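Work through the exercises below with the sequence and the structure in view. Try each task before reading its solution.

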Amino acid sequence: MRGHDHRPKQPDLEDLPYTWHMALTDALADLLMAKGIFGADELRATLETIDQATPAQGTRLVARAWVDPAFRARLLEDVNAAAAELGIDAGAIPIRAVADTPEVHNVVVCTLCSCYPRFLLGPPPDWYKQRAYRSRVVREPRAVLAEFGLVLPDEIRIEVHDSTAELRYMVLPMRPEGTAHMDEEALAALVTRDCLIGTALPRAPQRA
Ligand code: FE
């Protein structure tokens, strides 16, 4: 048998204190299932859909918008419907795409908790859920973005979008200069998860 002598890095979930919110979540799920609002299999399938979603779904939307102005217009009108065109189920909660321009840079936060377009992009990064990001990016977005390595010129205005349970956001960054020769798939590869949150910008590949 292989050795298994490393120490666990985190305590087992079962060993963490059972908080009021965990009890509420369990009780609510039990009640909704008992009332037949949804079944255990539906709950499992929904969680599976979220776990299988990845930022790659969002990067496909961005790349398509860059090469197809009509698609870009539809994406800005209705992200969930535009995603469905590409066979992506973005879930029932409306998602709004906020487009960067030469004058405006967009960044997304949930100041209250951790609302995020999980069906489209998968789970948010840990820092997105932390109080430091949630509170500071609203008050001093320029300084927070600089800490992510994104230093924006003073003349670019930063708009911070606060996600809610009813409306989620994704950033539509601008297509970088020097990418005219690239196809949609190569363009999608320039877009990272953080580009979709607004804490990074897509970069053209360095010329050799
Ligand atoms: Fe939230």
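**Exercise 1. How far apart do the C-alpha centres of domain 1 and domain 2 lie?**

Solution. The model is a predicted one, in which local features need pLDDT of at least 70 and side-chain atom pairs count only at pLDDT 80 or more, while totals for chains, interfaces and linings use all residues. Residues are numbered from 1 along each chain as its sequence is written, and side-chain values use heavy atoms, with hydrogens and water left out.

Step 1: find the bounds, which come from an automatic or database domain assignment. Domain 1 covers 19-50 and domain 2 covers 54-197.
Step 2: take the two C-alpha centres; they lie 29 Å apart.

**Exercise 2. Describe the site of the iron ion.**

Solution. Step 1: list the protein donors (N, O and S atoms within 2.8 Å of the metal, or 3.2 Å for Na, K and Ca; water is not among the atoms, so sites may look incomplete). They are Cys 110 (SG), Cys 113 (SG), and both N and SG of Cys 115, at 2.1 to 2.5 Å from the iron ion.
Step 2: read the spacing of the donor residues in sequence, which is C-x2-C-x1-C.
Step 3: check the angles. Four donors count as tetrahedral if all angles lie between 85 and 135 degrees; four count as square planar and six as octahedral if opposite donors are over 155 degrees apart and all others between 65 and 115; anything else is irregular. The angles among the 4 donor atoms are 83 to 134°, and the site is irregular.
Step 4: compare accessibility, where buried means under 20% relative accessible area, exposed over 50%, and partly exposed in between (1.4 Å probe, protein chains only). Cys 110 is buried at 0%, whereas Cys 113 is partly exposed at 35%.

**Exercise 3. Is strand E2 (residues 104-109) largely enclosed or open?**

Solution. Step 1: helices (H or I, at least four residues) and strands (E, at least two) are DSSP runs, numbered from the N terminus. In E2, 6 of the 6 residues are buried, so the strand is largely enclosed by the rest of the structure.
Step 2: sort the residues by face. Val 104, Asn 106 and Val 108 are on one side, with His 105, Val 107 and Val 109 on the other. In a regular strand, side chains alternate between the two faces of the sheet.
Step 3: look for a partner, given that two strands pair if DSSP finds at least two bridges between them. E2 pairs with strand E3 (residues 157-162) in the parallel sense over 6 bridges, and Val 108 stands opposite His 161 in E3.

**Exercise 4. Which residues of helix H8 (residues 131-139) are buried?**

Solution. Step 1: the buried residues are Tyr 133, Arg 134 and Val 137. Seen down the axis of H8, they fall within an arc of 100° (taken from the directions from the helix axis to the C-beta atoms), so they line one face of the helix.
Step 2: turn to the face away from this buried side, where Arg 131 and Arg 139 are exposed.
Step 3: name the cover, using contact as heavy atoms within 4.5 Å. The cover of the buried residues of H8 includes E2, E3 and helix H11 (193-197).

**Exercise 5. Where is Leu 187 found, and which residue lies 125 residues from it along the chain?**

Solution. Step 1: Leu 187 is part of helix H10 (residues 184-188) and is buried, at 0%.
Step 2: Val 62 is the residue 125 places away, and the two C-alpha atoms are separated by 8.5 Å.
Step 3: leaving aside neighbours within four places in sequence, the contacts of Leu 187 include Ala 63, Trp 66 and Val 67.
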